[in-house]
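Reader: I have not looked at this protein before. Please take me through its pockets and then its sheet.

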Amino acid sequence: MTVKRMDNVGIVVEDLDAAIDFFTELGLTLEGRAPIEGDWADNVTGLRDMRVEIAMLRTPDGHSRLELSRFLAPPVVADHRSTPVNSLGYLRVMFTVEDIDDTVARLIKRGAELVDKVVQYEEMYRLCYIRGPEGILIGLAEELK
């Protein structure tokens, strides 16, 4: 048996509204927002008495999703928001964008910070990392035609 598809990537945030605003500015579409709790959720995550609010966002091509979660209970146990890209277990999300310069400029207006520079990889991509809301590391790639 093989994997059918990757369904979503999950990121835990403190300010769900700010994260939704940031990722919709990037071009994702909010599909829904809901509270999650109960025995089924506890049994999936292994967290007892879990209460979380999630927002599911979809990429423009409809193939990928980003799940943003704000935990109400139990308390968050670790904070990896400012760790560098080579941290064990660290997660970054990369998006292909149409115009990397325009995207970076728009996201900086929303509080993003460019990690270093926009660089070109051969004749294939222009790439950069930015820190988005709460220090989330996001990769941006512009395909060169």
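Reader: Which strands each supply at least two residues of the lining of the largest pocket?

Author: This is a predicted model, where local features need pLDDT of at least 70, side-chain atom pairs count only at pLDDT 80 or more, and totals for chains, interfaces and linings use all residues. Residues are numbered from 1 along each chain as its sequence is written, and side-chain values use heavy atoms, without hydrogens and water. Strands are DSSP runs (E, at least two residues), numbered from the N terminus. A pocket is an open set of points on a 1 Å grid over the protein atoms alone, where a 1.4 Å probe fits, with protein on both sides within 12 Å along at least five of seven lines; lining residues have an atom within 4 Å of a point. With at least two lining residues each, the strands are E1 and E4.

Reader: Which element gives the most to that lining of the largest pocket?

Author: The largest pocket holds about 680 Å³ of space, and Val12 is among the residues closest to its centre. The most, three residues, comes from E1.

Reader: How do E1 and E4 run where bridges join them, parallel or antiparallel?

Author: Two strands pair if DSSP finds at least two bridges between them. Four bridges join E1 to E4, residues 65-73, and Val9 stands opposite Leu66 in E4. The two strands run parallel.

Reader: Which strands stand at the edges of the sheet?

Author: The open sheet has four strands in the order E1-E4-E3-E2, with mixed pairing. Each edge strand has a single partner, so one of its sides is left without a neighbour in the sheet. The edge strands are E1 (9-12) and E2 (29-37).

Definitions and conventions:
Points joined across faces, edges and corners; volume = space filled by probe spheres on them.
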